[in-house]
Amino acid sequence: GEEERQPIITCPKCRKSMCYACRVPWHEGLTCAAYTLVLQDEAKAAKLAEELRVDSKFQEYLRAREGKVRACKRCNAQIEKRSGC
């Protein structure tokens, strides 16, 4: 059978392999479509990790400000009274 051609190019100077279809470093063992899905999953995972990190920091802040931070009666956002009675 005829060998399937892969969209790989290699720099003759540094020998780094690139996918000329995706314009990214070569994704050995993955089709371009599969590589795109992997990148999307990694982006989703990174976004979720960042959301969890931010939520954790916010929870730390709320614990530190206990008694001073309350929910807004109108929109339920967390607010902190800074001055006044």
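**Cysteines and their surroundings**

A: Cys32 counts as partly exposed, at 24% relative accessibility; buried means under 20% relative accessible area, exposed over 50%, and partly exposed the range in between, computed with a 1.4 Å probe on protein chains only. The model is a predicted one, in which local features need pLDDT of at least 70 and side-chain atom pairs count only at pLDDT 80 or more, while totals for chains, interfaces and linings use all residues. Residues are numbered from 1 along each chain as its sequence is written, and side-chain values use heavy atoms, with hydrogens and water left out.

A disulfide is taken as a pair of cysteine sulfur atoms within 2.5 Å, and by this rule the count is zero. Cys32 accordingly belongs to no disulfide, and its nearest cysteine sulfur, that of Cys22, lies 3.4 Å away. Cys72 is likewise in no disulfide; the nearest cysteine sulfur there is that of Cys75, at 3.8 Å. Cys72 counts as buried, with a relative accessibility of 19%.

The surroundings of Cys32 include a histidine. His27 touches Cys19, Cys22, Cys32 and Tyr35, leaving aside residues up to four places away in sequence, where contact means heavy atoms within 4.5 Å. With a relative accessibility of 4%, His27 is buried. Its place is in the loop between strand S3 and helix H1; helices (H or I, at least four residues) and strands (E, at least two) are DSSP runs numbered from the N terminus.

Cys19 stands opposite Val24 in S3. Strand S2 (residues 17-19) is joined to S3 by two bridges, and these strands run antiparallel. Two strands pair if DSSP finds at least two bridges between them. The whole arrangement is an open sheet of three strands in the order S1-S2-S3, with antiparallel pairing. Its edges are strand S1 (8-10) and strand S3 (24-25), each of which pairs on one side only.

Glu50 forms a salt bridge with Arg53, with 2.7 Å between the closest N and O atoms; a salt bridge requires a side-chain nitrogen of Lys or Arg within 4 Å of a carboxyl oxygen of Asp or Glu. The structure holds one such bridge. Both partners, Glu50 and Arg53, lie in helix H1, three residues apart, about one turn of the helix. Glu50 is partly exposed at 37% relative accessible area, and Arg53 is partly exposed at 42%.

The structure also holds one aromatic pair. It is formed by Phe58 and Tyr61 and is stacked, with 6.3 Å from centre to centre and 25 degrees between the planes. Under the rule used, rings of Phe, Tyr and Trp (its six-membered ring) pair if their centres lie within 6.5 Å; planes under 30 degrees apart count as stacked, over 60 as edge-to-face and the rest as tilted. Phe58 and Tyr61 both lie in helix H1 (residues 32-64), three residues apart, about one turn of the helix. Phe58 is partly exposed at 35%, and Tyr61 is partly exposed at 34%.
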